[in-house]
Amino acid sequence: MSAVKRALVGAVLSAFTFVGFTQTVQAAMIGTEQIHAANAASGDREKIGAALDRPEVLAHLERLGVSKDDAQARVAALSDEEAATLASQIDSLPAGGDIVGALVLIFVILLVTDILGLTKVFPFTRSRR
Amino acid sequence: MQGERGRTSPWLGSVFVWLAAMLLLAGCATQTQSLLMRGVPDLPRRAELSSTPFHPQERYQCGPAALAMSLNAAGIAVGPEALVSQVFVPAREGSLQPEMLAAARRNGAVGVVIPPRLDALAAEIAAGNPVIVLQNLSLPLFPLWHYAVAIGYDLDAETIVLRSGITERLEMPLSTFENTWARSGYWGMVAAPPGRIPVTPGEAAIVDSLVAFERTAGSAKVRGAYQAALKRWPDNLTLQVGFGNAAFAAGDLKTAESVFRRAADAHPKNAAVLNNLATVLADMGELDRAADIAARAVALGGPWQEEAEATLRSIRSARKAGVGR
């Protein structure tokens, strides 16, 4: 009886120590993203930077008029590299949107450059080349 | 007189400076010239993906419209309206490139940037992939950033065909297109269905895009993409791991085991691969082989030591429990 009890206590104790270990590291598959990152030799500094990029992008997007829920889903979809690009360049990256705000002067210049085939602002121009 | 001159001359002067600069720039569509003169072997003289659907854009919404057209061409049913909340940035009145790529992934396509070259653009179209291009239709001074979808070209007529803005079929001289495209650094992307790997991006670009795709879309959707990419780059470690992990997640232990075994043969010093192989073997009930492999992973040390030790411990305790049974 006491042998069984001792075995039981031993088992419980070893289970506890085991749990203690596995709290930090799970015995499991290592993810593709982790192995890829280690393989690409991205340093720890980059990883720390990446951790800070996402909250920053989230704040930027909200400031630029994106709703909180949308912004969260959008940030979650970014790769680390994309998050880093947006965190540092969100105000300077070109925003493709087809903004038509040409003034008269610009209109004339662009008309000429359209005809030269350098630009294509107006649907009615036909490039000479 | 003095005052009048002061008012008009900077105005006129700058116009002349611009015009002079434009004339100097007029002959700089160099990629077009080399593409037309030298050509590219195996590239058809003309191609057009005329079945690509068309969504005319709303004001400022060329990003969602271009993305929807490209996703539709990849067989993914989504309209521009649904994409507005995924890419449009209200205060910027437009959409940004990283988010165009991310949104392609969110909707189940692999978004990849193509090499910044006209011949790469043409090669993707010839391979059946419409290309989303970012153009500055205006001059760098008053930019007019615009996303369009390139769906065709004709090297003899020297034209490119775009789905652009509210024009379903915009034919533009290649040299004009190059001038507008060059201002974005020749930025173009393909949103490809997971089983079809775009033809022009290099190994690193494709692998990065698939890892990002796995993060967003999950392992079930990315499995076919890893498999397709492995056909082109059979020795790539990340692709092997990705495919093996996806097979494991789907419960296909046999495939996972053979993939990781091949990866371990090719990369015997990679403890992460050995760790995953050991985990798969343990799940298959082959505890002795699993313990051997895990012990090899532990012996290698390095950044995966802790994970390998945990795997070895759990295999050993499973083996003990098995012996008791």
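1. Two residues are in contact if their C-beta atoms, placed from the backbone, lie within 7 Å. Keep that cut-off in mind for the chain contact below. The model is predicted.

2. How many residues does each chain bring to the contact? Chain B gives 70 residues and chain A gives 48 residues. On the side of chain B that touches chain A, helix H5 (residues 97–106) of chain B supplies the largest share, seven residues. That side of chain B holds 34 nonpolar, 26 polar and ten charged residues.

3. Now a helix pair across the two chains. Two packed helices are described by the angle between their axes and the distance between the axes. Helix H2 (residues 32–39) of chain A and helix H10 (residues 237–249) of chain B have axes that come within 9 Å and cross at roughly 170°. An angle over 145 degrees counts as roughly antiparallel, so H2(A) is roughly antiparallel to H10(B).

4. Which residues meet there? From H2(A) come A:Thr32, A:Ile35, A:His36 and A:Asn39. From H10(B) come B:Leu237, B:Thr238, B:Val241, B:Gly242 and B:Asn245. Three residues of this contact are nonpolar, six are polar and none is charged.

5. Look next at helix H12 (residues 271–283) of chain B. Its 13 residues, at 1.5 Å a residue, should span 18 Å. The end C-alpha atoms are 18 Å apart, which agrees.

6. Is H12(B) largely enclosed or open? Twelve of its 13 residues are buried, so H12(B) is largely enclosed by the rest of the structure. Among the buried residues are B:Ala271, B:Leu274, B:Asn275, B:Thr279 and B:Ala282. After H12(B) comes B:Gly285, with a positive phi near 90°.

Terms used:
Residues numbered from 1 in each chain as written. Chains lettered and ligands numbered in written order. Predicted model: local features only at pLDDT ≥ 70, side-chain atom pairs only at ≥ 80, totals over all residues. Helix = DSSP H or I, 4+ residues; strand = E, 2+ residues; numbered from the N terminus. Expected span 1.5 Å × (residues − 1). Buried ≥ 20, exposed ≤ 12 C-beta atoms within 10 Å, placed from the backbone. Nonpolar A, V, L, I, M, F, W, Y, C, P; charged D, E, K, R; others polar. Axes fitted to C-alpha atoms, helices over the stretch in contact; angles between N-to-C directions. Parallel < 35°, antiparallel > 145°, perpendicular 65-115°, else oblique.
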